[in-house]
Amino acid sequence: MPNWWDKPAPVVIPEGYAEFAEQFRILQDVMTAAAPDADQTRTASQLVAELIDVLAQSATDEWSQLSGRLPVPGRGQTLVPAFHIETETETESRGTVRFGRQFLGGNGAVHGGAIPLFFDDAFGRFANTHDRTLARTANLHVDYRNVTPIDTDLAVIVRFDREEGRKRYLTGEIWNGECLCVEASGLFVVLKPGAA
Ligand SMILES: CCCCCCCCCCCC(=O)SCCNC(=O)CCNC(=O)[C@H](O)C(C)(C)COP(=O)(O)OP(=O)(O)OC[C@H]1O[C@@H](n2cnc3c(N)ncnc32)[C@H](O)[C@@H]1OP(=O)(O)O
């Protein structure tokens with residue numbers, strides 16, 4: 001059995017699958033924003049039951065699934081807010097994120113738990129690419145400087161700050177225009193040989 005850090009094998013992505021994954025994100029946003037009546041609830045529930053039946057027909061193991069392995073922003077991992085990378089060097093990645101309605105905490109603000117989720121994924125990807133050996137999150141620190149609004153295109157900076165032995169230090173920010181919403185930092189530790 002392969003280890004989770006093995007480079008993803010080339011995956012054949014069926015035509016339309018990336019669009020389907022994007023639709024799935026939209027479904028979660030629309031579901032969160034909806035207040036259906038009983039008829040609409042019954043119809044939606046039947047359609048979701050059909051969807052579950054269709055997808056369950058191709059259930060597979062971790063190493064063969066498509067979710068999380070697509071060469072598109074968000075990798076088709078629909079739990080994680082997609083990081084749209086615009087520029088990247090070995091030490092800095094810049095782009096945008098838009099937290100949809102599904103990530104609402106309250107009063108138009110992004111849920112406080114969605115932000116570390118976003119940074120764990122963005123840091124994790126950066127800590128494990130550019131020919132770097134595999135590292136796992138040891139810690140993650142988030143400072144909520146200002147409210148992060150949902151349904152807004154936000155600027156993101158992720159930096160690979162430094163490496164000390166097996167320890168990799170990353171930092172990041174989320175900006176709403178000139179307003180600093182979040183500062184984050186993370187420690188990633190390179191796995192010992194044979195560690196899983
Ligand atoms: C193409 C790809 C796309 C892929 C895209 C993928 C994107 C998603 C990526 C998501 C990434 C994740 O969420 S990973 C999942 C979440 N993380 C985990 O489950 C990790 C669970 N924890 C562990 O497995 C372990 O604790 C490790 C591996 C983190 C560290 O254990 P270890 O290897 O035994 O390390 P150890 O010898 O104890 O420590 C090494 C050094 O690190 C320090 N250290 C260790 N832990 C900590 C800590 N929490 N806080 C401070 N410092 C720490 C030690 O003091 C020591 O410093 P010194 O004495 O040397 O100075």
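Tutor: We begin with secondary structure: helices (H or I, at least four residues) and strands (E, at least two) are DSSP runs, numbered from the N terminus. On that basis the protein has three helices and eight strands. From the N terminus on, their order is α-α-β-β-β-β-α-β-β-β-β. The model is a predicted one, in which local features need pLDDT of at least 70 and side-chain atom pairs count only at pLDDT 80 or more, while totals for chains, interfaces and linings use all residues. Residues are numbered from 1 along each chain as its sequence is written.

Student: Why is Gln46 called exposed?

Tutor: A residue is buried if 20 or more other C-beta atoms lie within 10 Å of its own, exposed if 12 or fewer, and partly exposed in between, with C-beta atoms placed from the backbone. Gln46 has 10 other C-beta atoms within 10 Å, and therefore it is exposed. Gln46 belongs to helix α2, residues 38-56. Its C-alpha atom is separated by 18 Å from that of Ile26, 20 residues away along the chain.

Student: What makes Arg75 count as buried or exposed?

Tutor: Arg75 has 20 C-beta neighbours inside 10 Å, so it counts as buried. Arg75 is located in the loop between α2 and β1 (83-88). Its phi is near 55°, a positive value in a residue other than glycine.

Student: What makes Gly68 partly exposed?

Tutor: The count for Gly68 is 16 other C-beta atoms within 10 Å, so the residue is partly exposed. Gly68 is placed in the loop between α2 and β1. Between Gly68 and Ala21, 47 residues apart in sequence, the C-alpha to C-alpha distance is 10.0 Å.

Student: With which residues is Gly68 in contact, leaving aside its neighbours within four places in sequence?

Tutor: Two residues are in contact if their C-beta atoms, placed from the backbone, lie within 7 Å. With neighbours within four places set aside, Gly68 is in contact with Arg75, Gly76 and Gln77. For the protein as a whole, among contacts between residues at least 6 apart in sequence, 62% join residues at least 24 apart.

Student: Why does Thr89 count as exposed?

Tutor: Thr89 has 10 C-beta neighbours inside 10 Å, and therefore it counts as exposed. Thr89 is in the loop between β1 and β2 (92-97). The C-alpha atoms of Thr89 and Val182 are separated by 22 Å, and the two residues are 93 apart along the chain. Of the 196 residues of the protein, 20% count as buried.

Student: What makes a group of residues a nonpolar core?

Tutor: Such a core is a set of buried Ala, Val, Leu, Ile, Met, Phe, Trp, Tyr and Cys residues joined through C-beta atoms within 7 Å. The largest one here has 26 residues, and those with the most contacts inside it are Val97, Ala122, Phe123, Phe126 and Leu170. Its largest share, eight residues, comes from α3. With neighbours within four places in sequence set aside, Ala122 is in contact with Phe83, Val158 and Gly172. In soluble globular proteins, nonpolar side chains tend to be buried together.

Student: Which residues come nearest to the ligand?

Tutor: A residue is near a molecule or strand if its C-beta atom, placed from the backbone, lies within 6 Å of it. Of the 18 residues around the ligand, Gly124, Arg136, Thr137, Ala138 and Val189 come nearest. The elements giving two or more residues to this shell are α3, β5 (135-144) and β8.
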